[in-house]
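Please load the model in your viewer and keep the selection panel at hand.

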Amino acid sequence: MLIGILSDTHDRTEAMSKAVQLLQSKGAAFFLHCGDVGSPLVLDHLAGLKAAFVWGNCDFDRLGLQRYAKSIGIECFGNFGELELAGKKLALTHGDDPTLKRRILSEQRHDYFFQGHTHLPQDIRIGKIHLINPGALHRANPKTCALLNTDADTVEFLKID
């Protein structure tokens, strides 16, 4: 399965649009956003797609984002999400809570752990967990998102112009 991973959009709808289009062109079947969405306008680019997101530390209107996401069929996990896709256990958080991050990594219950917050792409393994940060679509040079192939267990970072 191909999973598109996005983060730290901070209301930049043009970058979000380009990232989603690029991920779709590469075959992404599911989309995860690691927080700092910014506004419902960003979520519009995921409408009609299989998608979920978590809140970031700069997502201030959380209730509004959650309500809007529900109205367009996007799942909002709040601060932390867990799901299973293609037989893999996934954890998703923004990355701004070091206690939560330590707990996820120490428990070693997930195959993949996605986070944002740092605005830097990251692809490392900690024990059995494959930790992926897609980078950011705002305040990053270059702006990036990521495409995970769960069958091959590979990550491709994609630059957004």
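Begin by selecting Cys145, which is found in strand E10 (residues 143-149); helices (H or I, at least four residues) and strands (E, at least two) are DSSP runs, numbered from the N terminus. This is a predicted model, in which local features need pLDDT of at least 70 and side-chain atom pairs count only at pLDDT 80 or more, whereas totals for chains, interfaces and linings use all residues. Residues are numbered from 1 along each chain as its sequence is written, and side-chain values use heavy atoms, with hydrogens and water left out.

**Around Cys145**

Is Cys145 buried or exposed? Cys145 is buried, with a relative accessible area of 0%, where buried means under 20% relative accessible area, exposed over 50%, and partly exposed in between (1.4 Å probe, protein chains only). Show its contacts next (heavy atoms within 4.5 Å): leaving aside residues up to four places away in sequence, Cys145 touches Ile5, Leu6, Ala19, Leu23, Pro134, Glu156, Phe157, Leu158 and Ile160.

**The sheet of six strands**

Now extend the selection to the open sheet of 6 strands, whose order is E4-E3-E2-E1-E10-E11 and whose pairing is mixed; two strands pair if DSSP finds at least two bridges between them. Strand E4 (75-76) and strand E11 (154-160) stand at the edges, each with a single partner strand, so one side of each is left without a neighbour in the sheet. E10 and E11 run antiparallel and are joined by 7 bridges, and within this pair Lys143 stands opposite Ile160 in E11. Helix H1 (residues 13-25) packs on this sheet, touching strand E1 (2-6), strand E2 (30-33), E10 and E11, and its direction makes about 140° with that of E11; axes are lines fitted to C-alpha atoms, for helices over the stretch in contact, and angles run from 0 to 180 degrees between N-to-C directions.

While still in this sheet, select Phe30, which is found in strand E2. Phe30 is buried, with a relative accessible area of 11%, and, not counting residues up to four places away in sequence, Phe30 touches Met1, Leu2, Ile3, Gly4, Lys50, Ala51, Ala52, Leu83 and Leu85.

**The sheet of five strands**

Move on to the open sheet of 5 strands, which has the order E5-E6-E7-E9-E8 with mixed pairing. Strand E5 (80-85) and strand E8 (121-126) stand at its edges, each with a single partner strand, so one side of each is left without a neighbour in the sheet. From one strand to the next the twist averages 20°.

Which strand is joined to E5 by 6 bridges? That strand is E6 (residues 88-93), and the two run antiparallel. To follow the pairing, pick Phe80, whose bridge partner in E6 is Thr93, and then Glu84, whose bridge partner in E6 is Lys89. E5 and E6 form a hairpin with 2 residues between them, and Ala86 in the turn has a positive phi of about 50°. E6 also pairs with E7, in the parallel sense and over 3 bridges, and here Leu90 stands opposite Tyr112 in E7.

**Helix H4**

Select helix H4 (residues 98-107), in which Leu100, Ile104 and Leu105 are the buried residues. Seen down the axis of H4, these residues fall within an arc of 130°, so they line one face of the helix; the arc is that of the directions from the helix axis to the C-beta atoms. The buried residues of H4 pack against E5, E6, strand E7 (112-114), E8 and strand E9 (129-134), while on the other side of H4 Thr99, Arg102 and Ser106 are exposed. At the start of H4, a side-chain oxygen of Asp97 reaches to within 3.1 Å of the backbone nitrogen of Thr99, and just after H4 Gln108 takes a positive phi of about 55°.

**The whole chain**

Finally, zoom out to the protein chain, whose secondary structure comes to 4 helices and 11 strands. Along its principal axes the C-alpha trace spans about 35 × 30 × 30 Å, and of the 161 residues 49% count as buried. Among contacts between residues at least 6 apart in sequence, 51% join residues at least 24 apart.

Technical notes. A polar contact is a pair of N or O atoms within 3.5 Å; within protein, one must be able to donate a hydrogen and the other to accept it, and residues adjacent in sequence count only if both atoms are side-chain atoms.
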